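User: Please take me through this model in short questions and answers.

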Amino acid sequence: MKKSKKLGILATLVCGVLLFAGCGSSTDESSASNSESKVEETASSETVETTDFSGKTLNVVTTSDAYKALFDKFSEETGAKVEFLSMSSGEVLSRMKADKSEPMADLWFGGGLDAFMQAKTDGLLEQYQSDVVKTIDEDYRDPDGYWLSKGLTVGGLLVNDEILKEKDIEAPETWADLADSKYKDEVIMSDPAISGTMYAIVKGILDKDGTDKGWEYWEKVNENIQFYGKRGKDPQEKTASGEFAIGLVPVDQSTFDAAEENNLSVVYPSDGIPWVPEGVAVFKDAPGKEMAEAFIDFMLKPENMQQLAEIDGKDTNQIIVDGVKGLDLGLEKKDLIKEDLTTFGSDRQTILDKWADMTADKAQ
């Protein structure tokens, strides 16, 4: 779709001036004709707003195929074909580091912010900071324009009450409870090097308790874990199937749906809710850079953010654009842990290295 507006009045005035000056001769007529043509051409080029990407393909790496409806809407409005690949943020970052010769795709849509921050540090992202992007609160976008957020992911617990009942064990109510030896071999979480949400939970507890006490806590929790999932979905699926009693999970509407379908419980730990913004960014040297930037502005329109909130199953307190209403999943904003996002990316490798050493005997 192309929008254009020719300044007809201006062109008419120009022609009038030329005629008044004497456009009776063939030379003057030719000059007037050429001048008018140039004015129209200039006016047209200055006012054309191109949003037609017909025949072009926007390649996206995303966390889920659930966003297809939003991608389809972008296609309808711009003519761009959208192709996407689902991948966790940790996998994306690993592949980007392994091969910097060419970008994985044009747009990186969703995933834990730690990976986006690291990608910025490694020079793997493009800057983009339109007037639309600048409407987002500064807490949810990079000041240099390398990434922005599409929403928040919060961490909680999914509990298989039937298993705990069989073993006469009470359900946990806090993160601190997970360190109790009565939960030995009953807890599952994904490797935080793979899952951005799990890294957010680990980092959130370290921010809440302090580095020393935080690591003491995770060492105790580690003793209660048999192995760490290699997929972000492992804790939810394995808790639902009865392999484990407690899964550390991202909490959204799909978590509550899974709990209802499998007779499970969702727990927001009362000692604080870890959270992380979900990143969006343009890959460095992306061939579809213009389309990726157009998608970001498209995404931030209120009606599209509303659709995104419904797709993600977000509580109102997890939405980063004011005025967009989400779901009511019982999340209280005051319960979000006070986190230091300035070190979210810079501390990532140090935290993951220490985590790898601590859990080396449980690697699958």
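**Core, strands and spaces**

User: Which residues does Trp-218 touch, not counting residues up to four places away in sequence?

Analyst: Contact means heavy atoms within 4.5 Å. With residues up to four places away in sequence not counted, Trp-218 touches Met-189, Ile-201, Val-202, Ile-205, Leu-206, Leu-248, Trp-355 and Met-358.

User: What kind of model is this, and how are residues numbered and side-chain values computed?

Analyst: This is a predicted model: local features need pLDDT of at least 70, side-chain atom pairs count only at pLDDT 80 or more, and totals for chains, interfaces and linings use all residues. Residues are numbered from 1 along each chain as its sequence is written, and side-chain values use heavy atoms, with hydrogens and water left out.

User: How many residues of β11 are buried?

Analyst: Strand β11 spans residues 275–283. The rest of the structure largely encloses β11, because the buried residues number nine of the nine.

User: Which residue of β11 is the bridge partner of Thr-153?

Analyst: Two strands pair if DSSP finds at least two bridges between them. Strand β7 (residues 148–159) runs antiparallel to β11, with five bridges. There, the partner of Thr-153 is Val-276.

User: Which residue of β11 is the bridge partner of Gly-112?

Analyst: Strand β5 (residues 107–112) is antiparallel to β11 and joined to it by four bridges. The β11 partner of Gly-112 is Glu-278.

User: Which residue of β11 stands opposite Glu-126?

Analyst: Strand β6 (residues 125–126) has two bridges to β11, again antiparallel. Opposite Glu-126 stands Val-282.

User: Which elements do the buried residues of α5 pack against?

Analyst: Seven of the nine residues of α5 (residues 113–121) are buried. Leu-113, Phe-116 and Met-117 are among them. Just after α5, Gly-123 takes a positive phi of about 70°. The buried residues of α5 pack against α4 (89–98), β5, β6, α7, β11 and α13.

User: Is Glu-186 buried or exposed?

Analyst: Glu-186 sits in the loop between α6 (161–166) and β8 (187–188). Its contacts beyond four places in sequence include Ile-163, Asn-224 and Phe-244. Because its relative accessibility is 7%, Glu-186 counts as buried.

User: Which side chain joins that of Glu-186 in a polar contact?

Analyst: A polar contact is a pair of N or O atoms within 3.5 Å; within protein, one must be able to donate a hydrogen and the other to accept it, and residues adjacent in sequence count only if both atoms are side-chain atoms. For Glu-186, the contact is 2.3 Å and the partner is Lys-167.

User: Is Ser-270 buried or exposed?

Analyst: Ser-270 lies in the loop between β10 (265–267) and β11. Beyond four places in sequence, Ser-270 is in contact with Glu-173 and Thr-174. Its relative accessible area is 60%, so Ser-270 is exposed.

User: How much space lies in the largest pocket?

Analyst: On a 1 Å grid over the protein atoms alone, a cavity is a set of points where a 1.4 Å probe fits but cannot get out, and a pocket is an open set with protein on both sides within 12 Å along at least five of seven lines; lining residues have an atom within 4 Å of a point. Of the 42 lining residues here, Thr-63, Ser-64, Gly-232, Lys-233 and Pro-250 lie nearest the centre. Grid points are joined across faces, edges and corners, and a volume is the space filled by probe spheres set on the points. For the largest pocket, the space is about 1,100 Å³.

User: Which element gives the largest share of the lining of the largest cavity?

Analyst: The structure holds two cavities of 30 Å³ or more. The largest has about 50 Å³ of space, and its lining includes Glu-126, Tyr-146 and Val-282. The largest share, three residues, comes from β11.

Technical notes
Buried means under 20% relative accessible area, exposed over 50%, partly exposed in between (1.4 Å probe, protein chains only).
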